[in-house]
Amino acid sequence: MIRTGLIGYPLTNSLSPKLHEAAFAALSLHGECLLYPVAPTESGGLARMTSRIRDGEILGLNVTIPHKQTIMALLDELTPSAQAIGAVNTIYMQGGKLVGHNTDAPGFHTDLTRFLANSISEKKALVIGAGGAARAVVYALLKNGWKVTLAIRRSSVRTASALIASFELDIRDCSMDYVLLEAEEIGRLGNGIRLIVNATPIGMFPKVDSSPWPDHLPFPDRAAVYDLVYHPRQTLLVREAQSAGLQASTGLGMLVEQAALSFACWTGQYVPREVMFAAVEG
Ligand code: NAP
């Protein structure tokens, strides 16, 4: 039996078991993906889970909120992207060492590339939020030649400044700044924005009637909108962008890609993406 799973807290709506168990079935592997809720207050909970990988009982784990940063202290090695992003969502043994990797960044970029289908020439992005997912998104965009402006609420100014400072150190030709998530400040950026990414939980179930985009601010004419939120499948942001004639997508494709890349880290096997989409669509 190949044992994998997800650690995080809470884990009530996770799609990980469906995604990975569909992959095991498609590849005729005898495997399981279990949810391992570890409360932040549970002393030694993360260390117990990493020991189970070191002992060979569990092959690998995905890591989600709130442990993507705290898990790093328990690992032997980080991949360069996990190190630069400052967050880990995948762990596994390699060469006798417990390794932490981040598949959110390549997962996002692969799905973004599929979504945009080369329709954009001027690479200027506005990323809303400055948390863990925003760090992965920004890393992927900067590494692929995008200029990035963060749009953040006032309470995130210090986090955003730290994010920018760390990427300026790590990434050559890093072009980044931030504005407040307010109509006037975003409006001042003008029509040059070609991609808007929501990397906040705004619009996520059950608060499906909220959107991160400021009220009464028109979308930039030629922007595409990518919302990392995938529950619901059509967020208010995506519906409003589509009503304004823009190309827009929620983040289910990123979820599938990051899961398939984690699965490959654990098993060395390629999973056809259609298999994973079929397991969670609908
Ligand atoms: P996080 O680390 O908690 O960061 C959330 C960010 O959103 C923070 O910058 C936070 O600002 C900001 N924010 C929260 N509420 C806000 C509000 N009302 N107004 C303005 N800003 C607000 O969470 P995360 O891990 O980055 O995840 C963000 C979202 O991405 C979640 O919905 C998650 O499900 C989704 N996600 C999707 C995928 C995928 O595969 N599609 C992968 C990863 C994450 P403060 O710092 O000021 O609180």
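Q: How far from an oxygen atom of the ligand does a backbone N or O atom of G132 lie?
A: A polar contact is a pair of N or O atoms within 3.5 Å (within protein, one must be able to donate a hydrogen and the other to accept it, and residues adjacent in sequence count only if both atoms are side-chain atoms). For G132, the backbone N or O atom lies 3.0 Å from an oxygen atom of the ligand. The model is predicted, so local features need pLDDT of at least 70 and side-chain atom pairs count only at pLDDT 80 or more, while totals for chains, interfaces and linings use all residues. Residues are numbered from 1 along each chain as its sequence is written, and side-chain values use heavy atoms, with hydrogens and water left out.

Q: Which residue has a polar backbone atom 3.0 Å from a nitrogen atom of the ligand?
A: That residue is G251, and in the side chain of S155 an N or O atom is 3.0 Å from an oxygen atom of the ligand. The protein buries 75% of the 920 Å² that the ligand exposes when taken alone, as computed by the Shrake-Rupley method with a 1.4 Å probe.

Q: How many residues surround the ligand?
A: There are 21, each with a heavy atom within 4 Å of the ligand, and the closest are A130, A133, R153, S156 and L228.

Q: At what angle do helix α5 and helix α6 pack?
A: Two packed helices are described by the angle between their axes and the distance between the axes. Here α5 (residues 132–143) and α6 (residues 157–170) pack at about 35°, with their axes 12 Å apart, and their crossing is right-handed. On the α5 side R135, V138, Y139 and L142 take part, and they meet L163, S166 and F167 of α6, where contact means heavy atoms within 4.5 Å. By class, this contact has five nonpolar, one polar and one charged residues.

Q: Which residues does a cis peptide bond join, with omega about 5°?
A: Most residues other than glycine have a negative phi, and most peptide bonds are trans. The cis bond with omega about 5° joins F205 and P206, and P206 is found in the loop between β10 (195–198) and β11 (224–227). The peptide bond from H231 to P232 is also cis, with omega near 15°, and P232 is in the loop between β11 and α8 (236–243).

Q: What is phi of S28?
A: Phi of S28 is near 55°, a positive value in a residue other than glycine, and S28 lies in the loop between α1 (16–26) and β2 (31–37). Helices (H or I, at least four residues) and strands (E, at least two) are DSSP runs, numbered from the N terminus.

Notes: Axes are lines fitted to C-alpha atoms, for helices over the stretch in contact, and angles run from 0 to 180 degrees between N-to-C directions. A crossing is left-handed if the near helix is turned anticlockwise from the far one by less than a right angle, and right-handed if clockwise. Ala, Val, Leu, Ile, Met, Phe, Trp, Tyr, Cys and Pro count as nonpolar, Asp, Glu, Lys and Arg as charged, and the others, Gly among them, as polar.
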